[in-house]
Amino acid sequence: MNAPDRLTALSGISPGITIRAEPRPPRADWLCRCGRHERAIGRDAVIELASRATVTHCPHT
Ligand SMILES: [Zn+2]
């Protein structure tokens, strides 16, 4: 089992980006395919994260 799978099992969220508009402020959680997790809080931060987050490409390496 590799790191992303283990992290997914622990957090209960799937790899990829999850955006929640409520409750405010809006927030986004991004679980990269490399296992790295990033969180953005606030509309501008969510938009910025969503523009960077992809499921197929990892920008961390
Ligand atoms: Zn990554």
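Reply: One term to begin with: two strands pair if DSSP finds at least two bridges between them. Helices (H or I, at least four residues) and strands (E, at least two) are themselves DSSP runs, numbered from the N terminus. With that, strand 1 (residues 16-20) and strand 2 (residues 27-31) run antiparallel and are joined by five bridges.

Me: Where does this model come from, and how are residues numbered?
Reply: The model is predicted, so local features need pLDDT of at least 70 and side-chain atom pairs count only at pLDDT 80 or more, while totals for chains, interfaces and linings use all residues. Residues are numbered from 1 along each chain as its sequence is written.

Me: What is the mean pLDDT of the protein chain?
Reply: The mean is 81, and 75% of the residues reach 70 or more. pLDDT is the predictor's confidence in each residue, from 0 to 100.

Me: Which elements have the lowest and the highest mean pLDDT?
Reply: Helix 1 (residues 3-11) has the lowest, at 53, and strand 3 (residues 37-41) has the highest, at 95.

Me: In what order do the elements run?
Reply: From the N terminus the order is α-β-β-β-α. That makes two helices and three strands in the protein chain.

Me: What joins strand 1 to strand 2?
Reply: A hairpin, through six residues. Pro23 lies in that loop between strand 1 and strand 2, and a cis peptide bond joins Glu22 and Pro23, with omega about -5 degrees. Pro25 has its place in the loop between strand 1 and strand 2 as well. The bond from Arg24 to Pro25 is cis, with omega near 5 degrees.

Me: And the hairpin of strand 2 and strand 3, how many residues are between them?
Reply: Five residues, and Gly35 in the turn has a positive phi of about 100 degrees.

Me: Which residues make up the largest nonpolar core?
Reply: There are eight: Ile17, Ala28, Trp30, Leu31, Cys32, Ala40, Val46 and Ala53. Strand 2 gives the largest share of this core, three residues. A nonpolar core is a set of buried Ala, Val, Leu, Ile, Met, Phe, Trp, Tyr and Cys residues joined through C-beta atoms within 7 Å.

Me: What does Ala53 contact?
Reply: Ile17 and Trp30, leaving aside neighbours within four places in sequence. Two residues are in contact if their C-beta atoms, placed from the backbone, lie within 7 Å.

Me: How much of the protein chain is buried?
Reply: Buried residues make up 13% of the 61 residues. Buried means that 20 or more other C-beta atoms lie within 10 Å of a residue's own; exposed means 12 or fewer, and partly exposed is in between, with C-beta atoms placed from the backbone.

Me: Why does Arg27 count as partly exposed?
Reply: Because Arg27 has 19 C-beta neighbours inside 10 Å. Arg27 lies in strand 2 and touches Arg20, Arg39, Ala40, Ile41 and Val46, not counting residues up to four places away in sequence. Arg27 and Arg43 are 16 residues apart along the chain, and their C-alpha atoms are separated by 7.4 Å.

Me: Last one, why is Glu48 partly exposed?
Reply: Because Glu48 has 13 other C-beta atoms within 10 Å. Glu48 lies in helix 2 (residues 43-52). From Glu48 to Ala28 is 10.0 Å, C-alpha to C-alpha, and the two are 20 residues apart in sequence.
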